[in-house]
Amino acid sequence: METIFPREEKADLLFDKILKDPEACERLMQTFYGEIDSDLELVGGYLPPEQFAKALFDAYKNRDLTAFLMAVCKNSMFDLLRNSFLAPFRFNADGQINPYLLTDEDGNLIQTKEIHVSEKDYNRFKKVFRKEKGVKMYLAYGYRKRHSYDADTMDVMEYKMGEHIGLLLVYELPDTVKQQRTEAQAYAAVWDIMMKLQKDLPRSFVYYGQDSLEDEGQRFDELGVFLPIHRFSERLEKSIDTVDKIVHAQA
């Protein structure tokens with residue numbers, strides 16, 4: 001039976017990789033219990049008892065773990081994985097721009113009213129900006145998110161979290177749609193890249209787009225590595241070199 005989010009089907013390969021990595025299992029467990037114990041005043045907090053019971057019973061009847069998780073910890077199955085940095089975030093998921101590019105391919109700042117870029121952050125970016133074949137570099141705004149039920153309507157709601165301005169590196173990867181892989185299966189294919197990045201550059205974000213790039217008539221998947229400025233500012237150039245080595249070694 002399909003889950004609330006159909007793209008989560010056929011995730012066995014990804015789950016197997018997580019189960020074989022003790023550190024990954026530990027991170028997932030910490031994220032789950034962290035959400036269980038989180039502040040009740042959090043936007044979109046816990047459901048009232050009646051709605052909680054209904055969500056719980058509906059999840060049982062429909063055999064839908066994602067529905068259950070949204071009721072008990074305000075995250076879908078893949079929210080937990082992504083917020084544990086165990087699965088990549090989707091480029092522009094659900095029609096919402098994420099990450100939001102703040103510069104063009106030449107490193108020039110794009111003026112926008114929605115997001116303020118400080119002179120300090122832009123200068124940090126310009127100091128390390130470079131153009132190389134096979135990778136594009138941008139200053140960008142990115143965020144994580146979670147899903148839970150609205151306490152009144154029981155509609156599935158989406159909430160932003162972990163909003164940052166950072167440096168985004170975008171790489172081309174083989175087109176997994178041609179290989180007839182689901183998105184979850186494609187995630188498993190980039191697992192080694194994600195885990196190596198988390199071990200060497202903790203809290204970096206990984207974005208993934210299936211069949212989302214076109215170059216000279218050919219389709220490609222794209223892998224984005226997002227380095228929040230506030231976390232990596234003191235070692236930004238070295239971190240870029242680390243990302244390049246990991247992606248090119250594993251891709």
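Okay, so Asn98: it sits in the loop between strand E1 (89–90) and strand E2 (100–101), where strands are DSSP runs of at least two residues, numbered from the N terminus. Quick caveat: this is a predicted model, so local features need pLDDT of at least 70, side-chain atom pairs count only at pLDDT 80 or more, and totals for chains, interfaces and linings use all residues. Numbering runs from 1 along each chain as its sequence is written, and side-chain values use heavy atoms, with hydrogens and water left out.

Is Asn98 buried or exposed? Buried, because its relative accessibility is 4%; the cut-offs are under 20% for buried, over 50% for exposed, and partly exposed in between, with a 1.4 Å probe and protein chains only. Leaving aside residues up to four places away in sequence, Asn98 touches several residues, including Arg90, Tyr143 and Tyr207, a contact being heavy atoms within 4.5 Å.

Let's follow two of those. Lys160 lies over the face of Tyr143, 4.6 Å from the ring centre; that label needs NZ of Lys or CZ of Arg within 6 Å of the centre and within 35 degrees of the ring normal.

Now the rings. A search of the whole structure gives 10 aromatic pairs, meaning Phe, Tyr or Trp rings (six-membered ring for Trp) with centres within 6.5 Å, called stacked under 30 degrees between planes, edge-to-face over 60 and tilted for the rest. One of them is Phe32 with Tyr33, edge-to-face at 5.3 Å and 75°. Another is Tyr207 with Phe226, also edge-to-face, at 6.4 Å and 90°. That one links distant parts of the chain, E5 (205–215) and E6 (218–228), and both residues are buried.

Terms used: Helix = DSSP H or I, 4+ residues; strand = E, 2+ residues; numbered from the N terminus.
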